[in-house]
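The model comes first, then the details.

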Amino acid sequence: DGGLAPDLLERLLVMAPYGACKTVLAVQATIAAARRCRANFRETGEKKVAVFVSTEMDTVEARLRMVTHGAGIPRKRWAATGTLKALSRATKPGATPETAYELARFADAAKVGDGFVSEYDRAADLIDLVNTYVVFLDFTGRNPAFQDVEGKIEDAAVMIDAELSRRPGDTGVEIVTLDHLSAMVARLTSRSTQGKDPKWAE
């Protein structure tokens, strides 16, 4: 959390090889921005959202990643439970063999013995956070609702404006995260050169 210049239009480009956790960073940045949005709303009443534009993950996968990352729940653990209700409500870290991961992940809370939030409550909080303060734009090309969208930056801007118009009051944008720009460019290049070699290949 932090590191962005306040009240300035700032653009950050993260470049790294495949498997270098670029998407993890994008998810974490979006969660941090959503938490800032919630804190600011509670303190000042200002309404803002974090926008996540995905060219690889669909909305379901993106939401799942945000909830598990934000709640500190391993993906395997979430997959094994299947539902929110099946998560542990224990207020002690590692109270069951299934939640033993908490002993390392929340070591400080384990030492203190209080101030620990249960697995269930962490997940419920993240679900509420994501539902309220995160806007997803699915640019993967697999969502029927977005089939007519070419997937350009201009399309994202129009869709963000449309989403904000449906929200109460003067809702603004805290951050826009695009994951991945390379996939967007590749898809647009493929469409524009379909049936012929691109100019750079001639």
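Which residues in H2 meet which residues in H6? Arg63, Met66, Val67, Gly70 and Ala71 in H2 meet Arg122, Ala123, Leu126, Ile127, Val130 and Asn131 in H6, where contact means heavy atoms within 4.5 Å. The contact divides into 7 nonpolar, 2 polar and 2 charged residues.

This is a predicted model: local features need pLDDT of at least 70, side-chain atom pairs count only at pLDDT 80 or more, and totals for chains, interfaces and linings use all residues. Residues are numbered from 1 along each chain as its sequence is written, and side-chain values use heavy atoms, with hydrogens and water left out.

The axes of H2 (residues 59-71) and H6 (residues 119-133) come within 9 Å and cross at roughly 135°. That makes H2 oblique to H6. The crossing is right-handed.

Now the charges. The structure holds 10 salt bridges, each a side-chain nitrogen of Lys or Arg within 4 Å of a carboxyl oxygen of Asp or Glu. Among them are these:

| Pair | N to O distance |
|---|---|
| Lysine 48 and glutamate 174 | 3.8 Å |
| Arginine 65 and glutamate 61 | 3.2 Å |
| Glutamate 61 and arginine 75 | 3.3 Å |

Glutamate 61 and arginine 75 link distant parts of the chain, helix H2 and helix H3 (residues 75-81), 14 residues apart. Arginine 65 and glutamate 61 both lie in helix H2, 4 residues apart, so about one helical turn separates them. Lysine 48 is in strand S1 (residues 48-54) and glutamate 174 in strand S3 (residues 172-179), so the pair ties together parts 126 residues apart in sequence.

Terms used:
Axes fitted to C-alpha atoms, helices over the stretch in contact; angles between N-to-C directions. Helix = DSSP H or I, 4+ residues; strand = E, 2+ residues; numbered from the N terminus. Parallel < 35°, antiparallel > 145°, perpendicular 65-115°, else oblique. Left-handed = near helix turned anticlockwise from the far one by under 90°. Nonpolar A, V, L, I, M, F, W, Y, C, P; charged D, E, K, R; others polar.
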